[in-house]
Amino acid sequence: MTTNDSTDFIRSIIAEDLKANKNDGRVVTRFPPEPNGYLHIGHAKSICLNFSIAEEHEGGICNLRFDDTNPSKEEIEYIESIKEDVKWLGFDWQDRLYYASDYFEQMYEYAGQLIKAGAAYVDDQSADQIRLTRGTLTEPGIESPFRDRGVEENMDLFRRMRAGEFPNGAKVLRAKINMSHPNLNMRDPVMYRILHTAHHRTEDKWCIYPMYDWAHGIEDSIEGITHSICTLEFEDHRPLYDWFLDRLGVYHPRQIEFARLNLSYTVMSKRKLLGLVKEGNVTGWDDPRMPTISGLRRRGFTPEAIRNFCDKIGVAKRDSMVDMALLEHCIREDLNKRAPRMMAVLRPLKVVIDNYPDNHVEELDAVNNPEDLGAGVRKVPFSRVIYIEQDDFREDPPKKYYRLAPGREVRLRYAYFITCTGVVKGEKGDVAEIHCTYDPATRGGDAPDGRKVQGTLHWVSAGHAINAEVRLYDRLFTVENPAAAKDEADYRSLINPDALQVLRGCMLEPGLGAVKPGAIVQFERMGYFVSDTVDTRPGSPVFNRTVTLKDTWAKIEKAQVRQQDSRGAKGKEKPVKPGSGPEPVVEEVTIDDFSKIDLRAGVIREAGLVEGANKLIRVMVDLGEGRLRQIFAGIRQAYPEPEKLVGKQVMVVANLKPRQMKFGLSEGMILAGAGKDKLGVATFDGQLSPGDKVS
RNA sequence: UGGGGUGUCGUCAAGCGGUAAGACACGGGCCUUUGGAGUCCGCAUUCGGAGGUUCGAAUCCUCCCACCCCAGCCA
């Protein structure tokens, strides 16, 4: 029942308009970036929306238009990058590349019309005065003393503004609407300001520049846009958009707003992105950690994956935060089908196969892509000394570890079964190299006797390996929503220091020496990688990790570590070594933002000991919800007879994720503290009822 | 305390008065020469809350609550 006949609200509106025969059946959209920064994945959503909608309709078109109305912020560099990115995503504006600045003369003339109609006036007030007299959210503004100038005087002044007779800020042209309007945007908004700044296209032809609200509708109107799609924050501006167009009596497109994209573990604001670039937290707009189109491209993302992602996230009006895991899913899905498989050892561990003849080399067949047999096979050299991944050997393997360990047999992919016979230690007790024997009968990786091994490892022949630098990229921030940080300083402290890990001395199979910059491959078992387009040099390859493969073992191991931790100090065994980098193991309390803690008054109705837990007591708390909440609290030490807690008023953190404990679900947390010498619950004296907010 | 929006699974998101799609994530099984891929199963008795209308409500009405945006001569 659910095929793709459901669609987003914007397409529905367009379909209805078409049905009602508006715009003579035309569908014209536009993507209108301001050239003051690089495009990011959020823009991709808008680009896909606008261009795809046009493509979906017979004769539909989408223009690329630079909204270059503010010369002090805009640069040619950005124009070029934006054009490149839109093209790379696979969209074509054909010959319809426009600039707001192309319409400056027309806008000027329209402004004159409004002045003549008594709908606009030149105001001599300073920016400060205008701000002060705009009123507030709840109080109306005050009309400017210059508001009732005559038409002739206004026309004269406006002409002289253009002629350059006044300095920056001396005068503005304002629309004469209503200083008491509840919508602030309608309180005589500024249409033109004086800016003695050269424009990157019109150069010094103009010293007055139109404001967005005045300009945008005119641009849309001139281009015959039918549906002007923009983001939610412009919803308040729509009445103004409509007002200008109605006053002018010109063709009037329909503005529709949708929610911009937010992606977890990154930021999307141009200002923040620019900050990262300027402060050197990243190497540039195209740093592979950046959510920019150019960064994603350099990271190894494909246009197909990004477009598919934009399809999957949908279009709606509610503020949302899309999980980075979805983007990662999209790129894996795409690359799984097309990326050739190769072997690369990122953190090499030397393996000597003692019973393999010295100086002997074999060429073994390897499948290029199991998902696409048409991709063929290749030869990889095998010899007595090879490298495997350090992570693929453990002297003391934990449970469920399928890889190599002393005495264990594993398969080397496309090669032989090998059995570990010895470990050579370095000075610090580290594993310097290992020794193995191989079974010649298992050539190619199959045992004729049918015996099985649990693990299959990738490897590279030491004598044939290519030395390379590999850059491991990860999420830019350590928290889901870095933009929610209270201030700039701690937003910067949220940058993930491990978002880039540079590995040198990585060992690649020989064929990898020949791939071209920009080529995408899968390093078997490690992830998808792209040959870096900027730093790769002949003879010294650099690869960027796009995304890891899904890693079931990492998940198991993480769970093991967690279990170890929660067993606490009594088990004294060292936790198994984490597979890759330090994982923040924070499981006690799960709440995104402590400022959002929901502290409520509660009354303990039942309390008792917990069998098999010497620190816990179980309480049932009344939060005025019509049912009692079960909470486990580690305060038995202070209340050996928990029954005495019954009837006590306590403070409960009510919006924690319920936590499944061995004994049952714990639905909150009771505030308790260690006083001078004793632990106790925090209580209060006030007249609060169960469920009342305390915070 | 003004105006404009939005609230459906952990995260996105369908649904438009006929009894809660799908995707990601998560958990489990099968399969496997990538612990990859694939595949199968599970995952909202309930739609911010409370009332009301109706045979029937996520969908209609009323009130309430929460969150987002707006006081640039930025876009």
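Being 3 residues apart in helix H5, Arg-131 and Asp-128 are separated by about one helical turn, and the two side chains form a salt bridge in which the closest N and O atoms are 2.8 Å apart, a salt bridge being a side-chain nitrogen of Lys or Arg within 4 Å of a carboxyl oxygen of Asp or Glu. Arg-131 is partly exposed at 46% relative accessibility, and Asp-128 is likewise assigned as partly exposed, with a relative accessible area of 46%; in this scheme buried means under 20% relative accessible area, exposed over 50%, and partly exposed in between, with a 1.4 Å probe and protein chains only. Helices (H or I, at least four residues) and strands (E, at least two) are DSSP runs, numbered from the N terminus.

The structure is a predicted model, in which local features need pLDDT of at least 70 and side-chain atom pairs count only at pLDDT 80 or more, whereas totals for chains, interfaces and linings use all residues. Residues are numbered from 1 along each chain as its sequence is written, chains are lettered from A and ligands numbered from 1 in the order in which they are written, and side-chain values use heavy atoms, with hydrogens and water left out. The mean pLDDT of chain A, where pLDDT is the predictor's confidence in each residue from 0 to 100, is 89, and 88% of the residues of the chain reach 70 or more. The model scores are ipTM 0.97 and pTM 0.83. Over residues 569-596 pLDDT stays under 50, and the model has 28 contacts beyond four places in sequence for this segment, a contact meaning heavy atoms within 4.5 Å. Residues 674-678 also have pLDDT under 50 throughout, with 2 contacts beyond four places in sequence.

Side chains of opposite charge can pair when their charged atoms come close, and a search of the whole structure finds 54 salt bridges. One of them joins Asp-17 to Arg-254, with the closest N and O atoms 3.0 Å apart. Asp-17 lies in helix H1 (residues 9-19) and Arg-254 in strand E9 (residues 254-258), so the pair ties together parts that are 237 residues apart in sequence. Within this pair, Asp-17 is buried, with a relative accessible area of 4%, whereas Arg-254 is partly exposed at 35%. A further salt bridge is formed by the side chains of Asp-124 and Lys-171, with an N to O distance of 3.4 Å. This pair links distant parts of the chain, since Asp-124 is in the loop between E4 and helix H5 (127-132) and Lys-171 is in the loop between H6 and E5, 47 residues apart. Asp-124 is partly exposed, with a relative accessible area of 25%, while Lys-171 is buried at 12%.

Helix H6 (residues 151-163) has 13 residues and reaches 18 Å from its first C-alpha to its last, close to the 18 Å expected at 1.5 Å a residue, where the expected span is 1.5 Å times one less than the number of residues. The buried residues of H6 are Asn-154, Leu-157, Phe-158 and Met-161. These residues cover an arc of only 100 degrees around the axis, which puts them on the same side of H6, the arc being that of the directions from the helix axis to the C-beta atoms. The buried residues of H6 pack against helix H4 (104-116) and against strands E4 (120-123), E5 (172-175), E6 (190-194) and E7 (208-210). On the face turned away from the buried side, H6 carries the exposed residues Glu-152 and Ala-163, and the helix is followed by Gly-164, whose phi is positive, near 90 degrees.

Asn-63, in strand E2 (residues 61-66), is buried at 2% relative accessibility. The side chain of Asn-63 makes a polar contact of 2.8 Å with the side chain of Arg-96 and another, also given as 2.8 Å, with the side chain of Glu-223; a polar contact is a pair of N or O atoms within 3.5 Å, where within protein one must be able to donate a hydrogen and the other to accept it, and residues adjacent in sequence count only if both atoms are side-chain atoms.

Most residues other than glycine have a negative phi. Glu-203, although not a glycine, has a positive phi of about 55 degrees; Glu-203 lies in the loop between E6 and E7 and is exposed, with a relative accessible area of 52%.
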